[in-house]
Amino acid sequence: MFLKSLGSLTDEELMQRVAGEDDDRAYGELYHRHARRLMGFFFRQMNGDEALAADLCQDAFMRVWTARERFLGSSFRTWLLTIAYNLVRNHYRHSENQRQYELFAKQSGEMVADSNIIDKMTGEAFDQALRQLLEKLPPESRLLFSLRFEEELTVPQIAAIMTLPEGTVKSRLHLLTQTLRQKLNQHDDIRR
Amino acid sequence: MTFEDKLHASAQRLMAQDNRKLHVPQNPLKQKKTYWGWVATPAAAVAGLVFGMTMHLFMNTEPNIQYVFGCFSNKASRLETDTLRILQPVHDTLYLTQIVEKEKVIFRQAKDLEAAEYVPVQEEVDTPVCTSIQCDGINYAILSSN
């Protein structure tokens, strides 16, 4: 293991070096591997605020360093996303964005949806419509969407990050998917 | 393709688009730490150069910058041996009669090769090999006639 180059080590092996030996080179390798993706995660949660996403990304990685001894040897990515998830929640707790999303949730059932529209959409049109919808999604739902569809985590991993029972995560995911389907069918650009 | 699959594929495409254009900040630990290698390496090189020059002066020799960088000095010497063998024909056969001289030559490489001085340092003359009937009682003419 000693002779292995850092690039050939797994995230967990690198993190063990960081935790056990304060190895800042191993930390640098982890940063190199995950920083862009993590910043993208923040970027989407913050509705495209790149400066804020960069700050949160650095904040998350500083927490990785300061809390390195608390890493238990499980998946590094899940651990990193737990830190990121808590940072996003803390940010929203102090902001006033919550109210406008409640309005979005209320509008869900008002229009009659055409269930065939999604099937007729091209990939590009679907992407555009989804992007617009995601910008209006309430923070908790946006986080759930990111963890499931962007970060491709399993239900047990998401449950661990959100500190929720797996059944709750499953039902929330089902509700989110249904809401998105309904909203996409109502989308103005698609109906044209 | 189910709706979930469509969502998944679309989310991956959007994520890749976003991530590609982001300007990722520097590693937060790197901003705080100075990499001492950038300071230590040139300092060690300068110290080594100064030490080398000092040693040259201390040893009362002319400072030679080429020596410091690992090149051969222009004072370097090369040892060569030159041997002259005299062969004498007796009937149809050539016999080695004597080795006239064997000398060691120090060839000093000066700045200009044309100005190189040829200095025979040591001259060794081998004892001539005696091959006559007066010396060792052997009649070489008879031996060679067969």
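This is a predicted model: local features need pLDDT of at least 70, side-chain atom pairs count only at pLDDT 80 or more; totals for chains, interfaces and linings use all residues.
Among the contacts in chain A between residues at least 6 apart in sequence, 63% join residues at least 24 apart.

Chain B has 6 helices and 3 strands, arranged along the sequence in the pattern α-α-α-α-β-β-β-α-α. Buried residues account for 15% of the 146 residues of chain B, while the chain exposes about 11,500 Å², of which carbon and sulfur atoms supply 59%. For contacts in chain B between residues at least 6 apart in sequence, the share that joins residues at least 24 apart is 30%.

## The contact between the chains

The size of an interface is often given as the accessible area lost when the parts come together. Here the area buried between chain B and chain A is about 3,000 Å², and carbon and sulfur atoms give 62% of it. The contact draws 34 residues from chain A and 27 residues from chain B.

Between chain B and chain A there are 3 salt bridges. A salt bridge joins the side chains of Arg131(A) and Asp18(B), with an N to O distance of 3.1 Å.

Helix 8 of chain A, residues 139-150, is mostly covered, with 9 of its 12 residues buried. The buried residues of this helix include Pro139(A), Arg142(A) and Glu150(A) as well as Leu143(A), Leu144(A), Phe145(A), Leu147(A) and Phe149(A). In soluble globular proteins, nonpolar side chains tend to be buried together.

When residues up to four places away in sequence are not counted, Phe145(A) touches Leu130(A), Leu134(A), Leu137(A), Glu150(A), Leu176(A) and Leu180(A) in chain A, together with Leu7(B) and Ala11(B) in chain B.

Most residues other than glycine have a negative phi, and most peptide bonds are trans. Glu152(A), which follows helix 8, has a positive phi near 55° although it is not a glycine. Glu152(A) lies in the loop between helix 8 and helix 9 (155-162) of chain A, and its relative accessibility of 40% makes it partly exposed.

Asp22(A), likewise not a glycine, has a positive phi of about 55°. The loop that holds Asp22(A) runs between helix 1 (11-21) and helix 2 (24-45) of chain A, and Asp22(A) counts as partly exposed at 37% relative accessibility.

Met59(B) is placed in the loop between helix 3 (37-58) and helix 4 (65-68) of chain B. Because its relative accessible area is 55%, Met59(B) is classed as exposed, the cut-off for that class being over 50%.

Key:
Residues are numbered from 1 along each chain as its sequence is written. Chains are lettered from A and ligands numbered from 1 in the order in which they are written. Side-chain values use heavy atoms; hydrogens and water are left out. Helices (H or I, at least four residues) and strands (E, at least two) are DSSP runs, numbered from the N terminus. Buried means under 20% relative accessible area, exposed over 50%, partly exposed in between (1.4 Å probe, protein chains only). Contact means heavy atoms within 4.5 Å. Buried area is the accessible area (1.4 Å probe) that two parts lose on being put together, summed over both. A salt bridge is a side-chain nitrogen of Lys or Arg within 4 Å of a carboxyl oxygen of Asp or Glu. Accessible areas come from the Shrake-Rupley method with a 1.4 Å probe; for residues, only the protein chains shown count as cover.
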